[in-house]
Amino acid sequence: MDILNPYNLQVFTFILLNSILAISIYITLSTGQLSLGHAGFMSIGAFTASILSKQADVPLFIAIIIGGLAAGIVALLIGAPTLKLHGLYLAIATLGFGEVIRVILLNMKITNGALGLTGLQSIGNYLYDFEKAIGLKAQSLGISVIQMKSLTTFVFMVLLFAVVLFLTLRLNRSRLGRAFEAIKADETAARAMGLQVAYYKMLAFIIGSVLAGICGGLYAHITTTITPDDFNYHKVVEILSYAVIGGSEVVWGPLFGALVLTALPEVLRGLAEYKMLMYGLIMVGVMAFRPHGLIGADTFQKLFLRRKGKAGNEAKEGM
Amino acid sequence: MFWQQLVNGLTVGSTYSLIALGYTLIFGVLGIINMAHGQIFIFGSLVGLVLMTSMQMPLGVALVASIVISAILGLILEYTALRPLRKKNVPHLASLISTIGFAILVEEAMHKIFGADSRAFPQSFGDKTFDLGVIQIRSVDLIILAIALILMFVLHFWIQKTKMGKAIRATAENTDTANILGINTNMVIIVTVMLASALGGVAGILIGMAYSALIPTMGMTLGFKGLAVLILGGVGSIPGAMVCGVLLGVIEVFTVAYGDSSYRDAVAFGLIIVILLLKPEGLFGRKA
Amino acid sequence: MKGFSLLKSLATISLGAVLMVGCSSGNSAAPAANGGSTPAQTPAAEGAGGEVTAQIGVVGFLSGSGAAYGEAQKAGLELALGELNEANKGKLKMELKFEDSGGEKEGAINAVNKLINQDNVVAIIGPTLSGEMFAAGPVANEAEVPIFGISNTSEGINDIGEYVFRNSLPESIAIPTAMKAAVEKKGIKKVALIYASNDDFSVNGYKVMKATAEKMGLEITGEATFSNGDVDFSAQLTKLKQTNPDALLVSALYKEGSMVVKKARELGITATILGGNGFNNPKVFEIAGPAADGLIVATPFSPEKQDDKVQAFVKAFEAKYNKKPDQFAAQAYDSLYIMSQSLLGAGKAEREELRNQLAQLKDFTGVSGKLSFDEKRNPIGDAVVVVAKDGKFVPFE
């Protein structure tokens, strides 16, 4: 297979994007909170970034970061009251939040309603202009301009993903990560140990939301067009599936989910029709047979005991 | 216009109440939110509708078919998505996810079997309109209102007075204790899930009559409304579901009539968020 | 190159698993290492005996909620393919490669990318939705591959770029035609509007309706919205009924639109109802029943049109699929005829040459009327105004 084929690069780009999205839901889940509002935060990030980059000529990456922060601020506002709620209620409240955001976006002038925003800058074009400016041209590498742009987008996403993953792993091993874990295991016990449960839950919720917002901005500038309906209940189900299939005990779980669920419809294009059906089966099946997901903390440890250092393969082993 | 819109709101609202009853019943006994409820009953009523349109069956047969199919789907739900989760020590959100999954399966099945189109409901006696001067009311609107009320009272009576009802309440209180006391809790749960789904089957046919059509995606949209009513009324409260269903319908219709129709879809969830913040146990709920 | 070594190491470290599953082929351990050249793009080869073989990709909404549209397009294309390959034997052989978008942007982008870079098609027909075109069009345009919309009615589709074409009349042509005809014949002065506010197609139609009404000096008595998937329209219609309009303008897809029409009549609204392109589907009669009578719609295609070409097409379509074609099938059918004409004009299956030929298209007569492109490759054509009567659309007089 030809890695420089723009088609393959495009698919990998989407895989990486969804992987970051998977990390975002993982972080929220790591304190035991199920948020069904990630599509809503994504849309806030996407529209903020797009409006800034298109109408205010803010540099692309700054716009995407501001989009993420905007999602974070909204998360802060709605998180303060909603995080008091327990389990089911939080899930329903955040689901409701996503729907309300969608309706508001549909009614706003600046988002152009249901028509959404089109003709957004693409990350590939944006980065290629930089590359040209520093004298790095497609011709000098012996590849076409399109390949160069796809490759640039891909490399950018790889780097971004690597940074996010690195930070997440660091987070897991930090004091913060252990606090998250304690809260997930037993909230009452965590509180008894003197942990500021509300603070940590809020923090996890905001980090997850900021990441989702950034993903929204990236999505907007990869597809170059967005409408509020891109972030509807189906998107919620999709994001949730990443965490469900892989499990949310270790970060590799959701990543595995994002990888499989994005790649599979492309590898087996004939099966694309059954994509939603597949999500449904996965949710019912995994919950019935392995409610903690296919990849659990123990899978990971077993793997490491057996073959030390061979990271990157655990996804396959998890099957 | 006010009175006519109020009638519109009451009709819409009583269908919401009927849907919410199913959610309430299952939550009351199992303590879970059945995200597949909407899809299940729309599937059932679509079967009923197809029998009516392509086989010229009478409305009664369609109603029975709708009830039976919905109840069977409820049974399948219990065996695939609910029971396996009761046996293990699973995260408390697992049932929410597995019922979301089941909902998707049913919805996709509907798309494959019935297509994505809306299906018209045949003209029926329900179309007869009474003109009362300021308002016009269709007989189907009256029927829905009446059936919703009757079902609520029957349900209430049945749960409070009959032996099965007592078993259900005992199971709702504490499954393990009920088991020890000799109640076949698995049986109780099966009955509850099937009953809730069958109620949905009734609601589905009535909704088809009220709106003159059924669409597979109605399962999700109406399911969300029922969900909203469940939370608003206080989970597990039957009177809460009834009152808040009607309330939501009226508020939605008045949003359209005197506000901006494009915000209609935000009403249900907007109210949920408000109520969860102000009174998380719902308008009619008991404090946990 | 710095970029490459970086990519190589990163790809192998953190993405080993990603690539392995994604590629589904074994040798992807160091994917970017041999990143030199790819073969020059040769979309199609010359067949034996001067016969040109052209591979054309089709991206359609073939699964999911809008699968009916994609299936209609596929049927129209396949019918045209059979006829054309028979007629052009020895000169041109076209092959169609269908890809499903599932109605999603990512799906459309991936499908277009695959058709261009993996299947090396000479041109792409589709995708079905305007939203998909806005996402996938730039990809094809950038790759300099002609992409031909057959159902994209949004404004601004052609602004995507030089390589983007469409034969679907924008709503800005179809709706005013119908409104003018209705206003003249029925003496309409006041109109009320209702549309699906969460659907780009319907919102587009609504904007055109509103602009046209303002231009024609009609009084707008009220506006209301609903959402795709809604079933209850009584509140909106009760509100609009109070404003007492002469005509109700409905911009929606047929699924919800037919239900709006039915409910409006049920509530005793007697105003003329005028709908957008979305109503142009035989299903309207199934859903709305007798309430559909009198509904006025502008359409590029009507199976009732007394025209030899149209009737031959309807007959062939019915023989093959056992149902009447709708406009999606008709426009898909026409698009392949346009492709074949342009490919024959080009004399070879080459993207650039095909684009130039397409841009020159003039007075093409298809089953969905006469078609030319203006300098911005926007279709210029005429719409037929039809009215619903006894279960079918007949020309409006």
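The stops below run from a whole chain to single residues.

**Stop 1: chain C as a whole**

Remember that this is a predicted model. The chain has 397 residues, and 60% of them are buried. Now think about contacts between residues at least 6 apart in the sequence of chain C: 68% of these join residues at least 24 apart.

**Stop 2: the open sheet**

Which strands make up the open sheet of chain C, and in what order? Seven strands form it, in the order 7-6-8-9-10-14-15, and the pairing is mixed. Strands of a sheet pair through backbone hydrogen bonds, and the pairing can be parallel or antiparallel.

Colour the two edges next. They are strand 7 (219–226) and strand 15 (392–395) of chain C, and each pairs on one side only. Look along the sheet. On average, neighbouring strands are turned by 30° against each other, direction ignored.

**Stop 3: strand 6 and its partners**

Select residues 190–196 of chain C, which are strand 6. Is this strand enclosed or open? Six of the seven residues of strand 6 of chain C are buried, so the rest of the structure largely encloses it.

Strand 6 has a partner in strand 7 of chain C: they run parallel and share seven bridges. Pick C:Leu193 to find one pair. The bridge partner of C:Leu193 in strand 7 is C:Glu223.

Then turn to strand 8 (247–251) of chain C. Strand 6 and strand 8 of chain C also pair in the parallel sense, over five bridges. Here C:Ala192 stands opposite C:Leu248 of strand 8.

Move on to strand 9 (residues 272–275) and strand 10 (residues 296–299) of chain C. They run parallel, joined by two bridges. Click C:Gly275, whose bridge partner in strand 10 is C:Val297.

**Stop 4: two helices on the sheet**

Trace the path from strand 6 through helix 7 to strand 7 of chain C: together they make a right-handed β-α-β unit.

**Stop 5: where chain C meets chain B**

Show chain B as well. How many residues of chain C are in contact with chain B? There are 24, and they contact 23 residues of chain B. On the chain C side, helix 3 (67–87), strand 7, helix 8, helix 9 (254–266) and helix 10 (283–288) each supply at least two residues. Helix 8 of chain C gives the largest share, six residues. Colour that side of chain C by class, and you get eight nonpolar, ten polar and six charged residues.

Zoom in on C:Gly229, in the loop between strand 7 and helix 8 of chain C. C:Gly229 has 20 other C-beta atoms within 10 Å, so it counts as buried. Leaving aside neighbours within four places in sequence, C:Gly229 is in contact with B:Ile215, B:Thr217 and B:Thr221.

**Stop 6**

An unreviewed UniProt entry places the feature "transmembrane region" at several spans of chain B, including 12–33 and 227–250. Select residues 12–33 of chain B: the span is 86% helix and 0% strand, with its end C-alpha atoms 22 Å apart. Residues 227–250 of chain B are 83% helix and 0% strand, and their end C-alpha atoms lie 17 Å apart.

**Stop 7**

Most peptide bonds are trans, and most residues other than glycine have a negative phi.

- The peptide bond from C:Gly126 to C:Pro127 is cis, with omega near -15°. C:Pro127 sits in the loop between strand 3 (123–125) and helix 5 (130–142) of chain C.
- C:Asn120 has a positive phi, near 50°. It is partly exposed, with 19 other C-beta atoms within 10 Å.
- C:Asn244 has a positive phi too, near 55°. It lies in the loop between helix 8 and strand 8 of chain C, and counts as exposed, with 12 C-beta neighbours inside 10 Å.

Technical notes
Residues are numbered from 1 along each chain as its sequence is written. Chains are lettered from A and ligands numbered from 1 in the order in which they are written. This is a predicted model: local features need pLDDT of at least 70, side-chain atom pairs count only at pLDDT 80 or more; totals for chains, interfaces and linings use all residues. Two strands pair if DSSP finds at least two bridges between them. Helices (H or I, at least four residues) and strands (E, at least two) are DSSP runs, numbered from the N terminus. Axes are lines fitted to C-alpha atoms, for helices over the stretch in contact, and angles run from 0 to 180 degrees between N-to-C directions. Two residues are in contact if their C-beta atoms, placed from the backbone, lie within 7 Å. Ala, Val, Leu, Ile, Met, Phe, Trp, Tyr, Cys and Pro count as nonpolar, Asp, Glu, Lys and Arg as charged, and the others, Gly among them, as polar. A crossover is right-handed if, with the strands pointing away from the viewer, the path from the first strand over the helix to the second runs clockwise. UniProt positions are given in the numbering used here, feature names are shortened, and annotations may be inferred rather than shown by experiment.
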